[in-house]
Amino acid sequence: MDPASKYCHPEITLAVTDADLKKCMNVRYQVFIIEQKYPAYIEENEPIDPIADHYLLTAALINDPKGTRVPVGTVRFHQDDNGVAILSRLAILADARGHSYGRKLVEFVIAAAKERQCQALTLTGQYDKRSFYKHLGFSMTDGRIFHRYTVPHCYMTMSL
């Protein structure tokens, strides 16, 4: 573990309460709007949110005798009309990166997609993050790069 880390003992749960969903949205807001400078409206009334499963990764604060857990990551998962699994909105707070929390969330979604007997898992990822996804078994679908709010993205998929 990184000696500078302030987090330990990550746990992933399905966000089912309004409070947990709000924690997921707060992580996304911090990463996409504050840090990456996407326009705020992309996180408002997002049409996939109501039909998706949202997973929340919390971690304990190191040296906290109360064992306080805080939200540090989230990912969204849903299936399209053809039963293809779609991973989206993976976000890890900046000060929690480097501890494989993103990998843990993606692996959690892969397991959920397999449990639902999906044949493939797809995503639209930021182009500069493609090696992260490639290490987890994804490949670029067609090599095409497109821009979403000036940020280069690509389509990726994995067979399950």
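The lining of the largest pocket holds 20 nonpolar, 14 polar and 9 charged residues. Here Ala, Val, Leu, Ile, Met, Phe, Trp, Tyr, Cys and Pro count as nonpolar, Asp, Glu, Lys and Arg as charged, and the others, Gly among them, as polar. This is a predicted model: local features need pLDDT of at least 70, and side-chain atom pairs count only at pLDDT 80 or more, while totals for chains, interfaces and linings use all residues. Residues are numbered from 1 along each chain as its sequence is written, and side-chain values use heavy atoms, without hydrogens and water.

Stay with the pocket. Its space is about 980 Å³. A pocket is an open set of points on a 1 Å grid over the protein atoms alone, where a 1.4 Å probe fits, with protein on both sides within 12 Å along at least five of seven lines; lining residues have an atom within 4 Å of a point. The volume is the space filled by probe spheres set on the points, joined across faces, edges and corners.

Select Phe32, Arg89, Leu90, Gln126 and Tyr133: of the 43 lining residues, these are the closest to the pocket centre. Next, colour β4 (85-92). β4 gives the largest share of the lining, 7 residues. Strands (E, at least two residues) are DSSP runs, numbered from the N terminus.

Now show the open sheet of 7 strands, ordered β1-β2-β3-β4-β5-β7-β6 with mixed pairing. Strands pair if DSSP finds at least two bridges between them. β1 (7-14) and β6 (139-148) are the edges; each has a single partner strand, so one side of each lacks a neighbour in the sheet.

Finish at β1 and β2 (53-61): the two run antiparallel, joined by 6 bridges. Pick Cys8; opposite stands Ala60 in β2.

Definitions and conventions:
Helix = DSSP H or I, 4+ residues; strand = E, 2+ residues; numbered from the N terminus.
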